[in-house]
Amino acid sequence: MATPEAETIHTCPMHPEVKSEGPGSCPRCGMALEPAVPVAPAARTQWTCPMHPEVVRDVAASCPICGMALEPNTFSFDRENPELTDMRRRFRWSLALTLPVFVLAMSEMFPGNPLETERALVVWIQLLLTSPVVLWGGWPFLQRGWASIASRHLNMFTLIALGTGAAYLYSLAATLVPEVFPKSFRTDAGGVPVYFEAAAVIVTLVLMGQVLELRARHQTGTAIRALLGLAPHTARRVREDGSEEDVPLNDVRPGDRLRVRPGEKVPVDGVVLDGASAVDESMVTGEAIPVEKGPGHQLVGATVNGSGTFLMRAERVGAETLLAQIVQMVAKAQRSRAPIQKLADSVAGFFVPAVIGIAACSFVAWALLGPPPPMAHALINAVAVLIIACPCALGLATPMSIMVATGRGATLGVLFRDAEAIEVLGSIDTLVVDKTGTLTEGKPRLMLVRPAKGWDEAVLLRLVASLERGSEHPLAGAIVAGAQSRGIELAPVEGFDSVTGRGITGRVEGREVTLGNASFLASRGVDLGDSIATAERLRREGQTVLFAAVDGRAAGLLGVADPLKESTPEAIRQLKSEGVRVVMLTGDGATTARAVASRIAIDQVIADLLPEQKLETVKRLQEQGQRVAMAGDGINDAPALAQADVGLAMGTGTDVAMESAGVTLVKGDLVGILRARRLSRATMRNIRQNLFFAFVYNAIGVPIAAGALYPAFGLLLSPMIAAAAMSMSSLSVVANALRLNHARL
């Protein structure tokens, strides 16, 4: 299917506020308009079924499998559900017409039966009032029921159409041509009973159930609507001359400079250029504590600025922002199918034909064995069987829980790619984690400077940091940042030389400075003395040690480490308390890896691994029968993330890692894994509750409707009560799914 081309906006080079959808002249200065930045067309809305996401249509319609109204796959903050509006209108009118029908039908139970002499008139009034209820109020059900029979996809609307149609047509015939009915249909008084009240009440109750269910289903999208509502409508753009203007958010382009004032929302994703503030990022991370931001720090659109003000540069706008990607990911996950749904699908495949068969058997049994009038009893009990059976509750059991869970996860900074990831994550028993960027911050820091005897710490750090400024190694950045944080000014370097994997040399302020590992300095004749033992102790604490020499003599050593994230120890403890075995896989050296693992009580450490070796390790754990989740943030983790039963990508990591994973943790720490696993387990409990209720409801309801209690207790189930029970069963499934919004995680 071809994609419509982007629409090019033309604007005036002197008056940028003048815009046109095509070329032409500026109405103010007469200059020819020039093409501006192309504006991508809005995403085309498609319609899909909440129970059968494989059904996708370009227009609003009914699902050919289950008959439910298709829902748009794009979200609007203020869009009203057209089906809900229609069903609400039909319900109100049907209720107004059904109440007098019900009162007239029950009049024979009033003291003295006051309307007995006017029975013929009462029946005709019931006919006139019931006809619009069934033929207009219940028309969507009749239409979908007929479509299900024509397409051979029998569903809940098949049963509703058969039940209400049988009750209405029978009563219509009994009113218009009562003489054609044999004795088996007649009462002791010789009349043919009518069931207009049953047909009208069934339609009204089903409409009420649809209204309540649609309203409840509408709440499953609360999380997405809340996310959409977070985005600001305007941004304050700073022009080249320093003046400022408020512009619509759609007019913001990458590279624009934007001013964010206290209390305002960050308009788009970008980076701080000037100023500082604390930004509330809870909408994407789930953490309420504001994050300090200064020049160079990344910003996420729709987060809330605190009391400071800053200037930022827009980097990602429109559909490229993190907020837009979260909405897309959540919407896609909500339409996916969990493996457990196959159970409901297999049952639903034969459920409706089985119910029709049971209704037919019930009709025959009552016609042959029932009390007078047997045919009337046969009809009414068959209708009750058709109405009470509700495959809708069975079909909604899984999708509703998935929709609520993905929305709840988004508010906590946990983004599920699909429903399968939700189902699998709750069953994992082994968590494999990368070290750098997953357990640690991924940003090495200078931890200590230990000068040799006769050296001053500040002087040594000035020489070493000046030399490191010419290096691209990650540790070099940590040393330079450490010196700058201490207020040390760096000096120029001459003759810089780097030996990959070993060290660097150069002249700083006329002195020959060497920095690197022990073997590198030894090869240059530097005697490190007792510092070797000190270095080994620091390595056992998880630090990387660099030796420094000046003019051929040992000058001291520096310790650099990647600090653990503050949340890591507690998250590991809680994961282990829930029965999850934690394994660290890292490309770092064994000494450093074991030092980190010992501080947080990790069960197993495998170090010095290449990316393909991480992949093989995950495979080996799976071959041992373990259900493995892999958490990582780098390109080197992508193969292992894809191989694991479920991959967990840190949102602070690379796009490749996130594309390979089933779950993305926006904040990028292990607390997110803990929340995601607990949400997964709560979701699967919720789904099993829904399926159990749907199965038990039908296992109990259908036999009762067929008359199983009549021989022992003389009890029959009215079709009206059956209709109420059917509507409530679907609503109860949706209501139970909504409880996930309040689950403690």
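## Sheets, cores and ring contacts in a predicted model

Six strands make up an open sheet in the order 18-23-22-21-20-19, and its pairing is antiparallel; two strands count as paired if DSSP finds at least two bridges between them, and strands (E, at least two residues) and helices (H or I, at least four) are DSSP runs numbered from the N terminus. Strand 18 (445–451) and strand 19 (493–499) are the edge strands, each of which pairs on one side only. Neighbouring strands of this sheet are turned by 20° against each other on average, direction ignored, where axes are lines fitted to C-alpha atoms, for helices over the stretch in contact, and angles run from 0 to 180 degrees between N-to-C directions.

This is a predicted model, in which local features need pLDDT of at least 70 and side-chain atom pairs count only at pLDDT 80 or more, while totals for chains, interfaces and linings use all residues. Residues are numbered from 1 along each chain as its sequence is written, and side-chain values use heavy atoms, with hydrogens and water left out.

Helix 14 (residues 457–468) lies across strand 18, strand 19, strand 20, strand 21, strand 22 (544–550) and strand 23 (553–561), running at about 110° to strand 20; contact here means heavy atoms within 4.5 Å. Helix 17 (residues 531–540) also packs on the sheet, touching strand 18, strand 22 and strand 23, and its direction makes about 155° with that of strand 22.

A further open sheet has seven strands in the order 16-28-27-26-17-24-25, with mixed pairing. Its edge strands, each pairing on one side only, are strand 16 (414–416) and strand 25 (604–606), and its neighbouring strands are turned by 20° against each other on average, direction ignored. Strand 16 is joined by three bridges to strand 28 (residues 663–665), the two running antiparallel, and Leu 415 has Thr 664 in strand 28 as its bridge partner. Helix 23 (residues 670–706) lies across strand 16, strand 17 (430–434), strand 26 (628–632), strand 27 (646–650) and strand 28, at about 55° to strand 16.

The largest nonpolar core has 124 residues, of which Phe 416, Leu 425, Leu 431, Leu 439, Val 663 and Ile 673 touch the most other members; such a core is a set of buried Ala, Val, Leu, Ile, Met, Phe, Trp, Tyr and Cys residues joined through side-chain atoms within 4.5 Å, with buried meaning under 20% relative accessible area, exposed over 50%, and partly exposed in between (1.4 Å probe, protein chains only). Helix 23 supplies the largest share of this core, 14 residues. Apart from it lies another core, of 26 residues, including Ile 479, Leu 490, Val 550 and Ala 555. When neighbours within four places in sequence are left aside, the contacts of Leu 431 include Leu 575, Val 583, Ala 629, Leu 648 and Ile 673.

The structure holds five aromatic pairs, a pair being rings of Phe, Tyr and Trp (its six-membered ring) whose centres lie within 6.5 Å, with planes under 30 degrees apart counted as stacked, over 60 as edge-to-face and the rest as tilted. Two of the pairs are set out below.

| Pair | Arrangement | Centre to centre | Angle between planes |
|---|---|---|---|
| Tyr 168 and Phe 196 | edge-to-face | 6.3 Å | 65° |
| Phe 693 and Tyr 697 | stacked | 6.3 Å | 20° |

Tyr 168 in helix 4 (residues 156–176) and Phe 196 in helix 5 (residues 196–219) are 28 residues apart, and their pair links distant parts of the chain. Tyr 168 counts as buried because its relative accessible area is 6%, and Phe 196 is likewise buried, at 0%. Phe 693 and Tyr 697, by contrast, both lie in helix 23, four residues apart, about one turn of the helix. Phe 693 is partly exposed, with a relative accessible area of 37%, whereas Tyr 697 is buried at 13%.

Charged groups also sit over rings, which requires NZ of Lys or CZ of Arg within 6 Å of the ring centre and within 35 degrees of the ring normal. The charged end of Arg 90 sits over the ring of Trp 136, 5.1 Å from its centre, and Arg 144 lies over the face of Phe 157, at 5.0 Å from the ring centre.
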